[in-house]
Amino acid sequence: MTLSAEHFQHEQFMRRAIALAMQGRGTAEPNPMVGCVLVRDGRVIGEGFHYRSGGPHAEPTALAACTETSRGATAYVTLEPCCHTNKRTPPCVPALLTAGIARVVLGAIDPNPAVNGQGIAQLRAAGVEVVEGVLTAECNQLLAPFIAATRFQRPYITLKFAQTADGVMASQDGRLMISGPAAQAIVQDLRGRCDAILVGGRTAVVDDPQLTVRGVAGAGGGRTPLRCVLTHQSNLPTDSRLMTGGPPVIVYSSGTLDGITSPPHVTLVQIPDSRLEQVFPKVLSDLHARGVTHLLVEPGPVLLRGLLKIGLWDRLWCLTSDRKSPTAVQGQPQAQAVQPASWVTPGTLNPPCLTQSFKTADDTIEEFLNPASQVFFAAVPSADALSCMNVG
């Protein structure tokens, strides 16, 4: 099929709108990242993106930035303009109509039931030409966290793990430092754009992590991730860093909680089932009810293998050091990671998609998407992955 010059132009400006939308990463949530480009006679006359939940949407931001009249112009928008009033900001459809926009080119339909095609219907009823289906898969992938929350009532799930060049994820005492400074800074930046961080019980005990965001100015617009532990134990050591203070902690336990007390900042939630495929969806449902839209899981080898086996993840970041583990030289056995190459086994229908690979001074960072995910639409790099090019 031969594509027209107009179609190529639509894609060109929609890609610009997607790039703009990505500037709202970590700050727009729980709203979606959205970009808007206003065009007249092939020239951009205004553009904008949704920066913060509760702030102006992409369309009015682009209209306010116009360098000339918007009357008769075309608006390229990654997401269907909103038309409902049950929110903190005015609807965007009336703003586009008042501005005299003649045509709206759309990427994705809004999954929010309060919109979901109604914005398109209102535009067409007012005589505005609407062009649908331009880079829809890419726009939906941009919206994946929003779609996960809106349509599937669960957070978007990112798995992140680090391994040495020989595949070691952790030492027996938790003292193995794997990633270099640049990769560590990238991880802290990623943490600051998530609503919650989850580790397994063994990691919480052996590594004694803080699970906080450190060294990132203004990460995620000031977000403080909820700290979570998934464990078979009844409780964690009382002197651990998670239990002695800091931001709120939720401990999801399959053990009995009878007679167990916890510090005021710690919430204990019992999920009486030892099977990960039964427990993890309940954890996700609970986190969704608490307003978590993006969950970062930092698993040890056991939890990583379990989540890969049940396939309940959306994105994975693998940080591989250039260095082998010190214990590999000494010949001491260690917990091993599942190497990306071994994910593709005979009979695998949906092997993970590598979307980005980035080299820092000491590590290689790879991003994979899960084709079996409910919110997989296109094998394209995420805004987080593309931001790595500006770090290190």
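Biologist: Which residue in β9 stands opposite G200?

Modeller: In general, the strands of a sheet pair through backbone hydrogen bonds, in either a parallel or an antiparallel sense. Here the residue opposite G200 is L230 in β9. This is a predicted model, in which local features need pLDDT of at least 70 and side-chain atom pairs count only at pLDDT 80 or more, while totals for chains, interfaces and linings use all residues. Residues are numbered from 1 along each chain as its sequence is written, and side-chain values use heavy atoms, with hydrogens and water left out.

Biologist: Which strands pair with β9, and over how many bridges?

Modeller: Strands are DSSP runs of E with at least two residues, helices are runs of H or I with at least four, and both are numbered from the N terminus. Two strands pair if DSSP finds at least two bridges between them. Strand β8 (residues 196-200) runs parallel to β9 and is joined to it by five bridges. Strand β10 (residues 249-253) also pairs with β9 in the parallel sense, over five bridges. There, R227 stands opposite V249.

Biologist: Are the faces of β9 buried or exposed?

Modeller: Side chains in a regular strand alternate between the two faces of the sheet. Buried means under 20% relative accessible area, exposed means over 50%, and partly exposed lies in between (1.4 Å probe, protein chains only). In β9 (residues 226-231), six of the six residues are buried. L226, C228 and L230 cover one side, and R227, V229 and T231 the other.

Biologist: In what order do the strands of the five-stranded open sheet come?

Modeller: The order is β2-β1-β3-β4-β5, with mixed pairing. β2 (43-49) and β5 (129-131) are the edge strands, each pairing on one side only. From one strand to the next the twist averages 20°; axes are lines fitted to C-alpha atoms, for helices over the stretch in contact, and angles run from 0 to 180 degrees between N-to-C directions. Within this order, β3 (residues 74-79) and β4 (residues 103-108) run parallel and share five bridges.

Biologist: Why is helix α7 described as largely enclosed?

Modeller: An α-helix has 3.6 residues a turn, so residues three or four places apart point the same way. Helix α7 (residues 181-191) is largely enclosed by the rest of the structure because eight of its eleven residues are buried. Among them are A183, I186, V187 and L190.

Biologist: Is P301 buried or exposed?

Modeller: P301, in helix α10 (residues 301-310), counts as buried because its relative accessibility is 13%. Its C-alpha atom is separated by 9.5 Å from that of T203, 98 residues apart along the chain.
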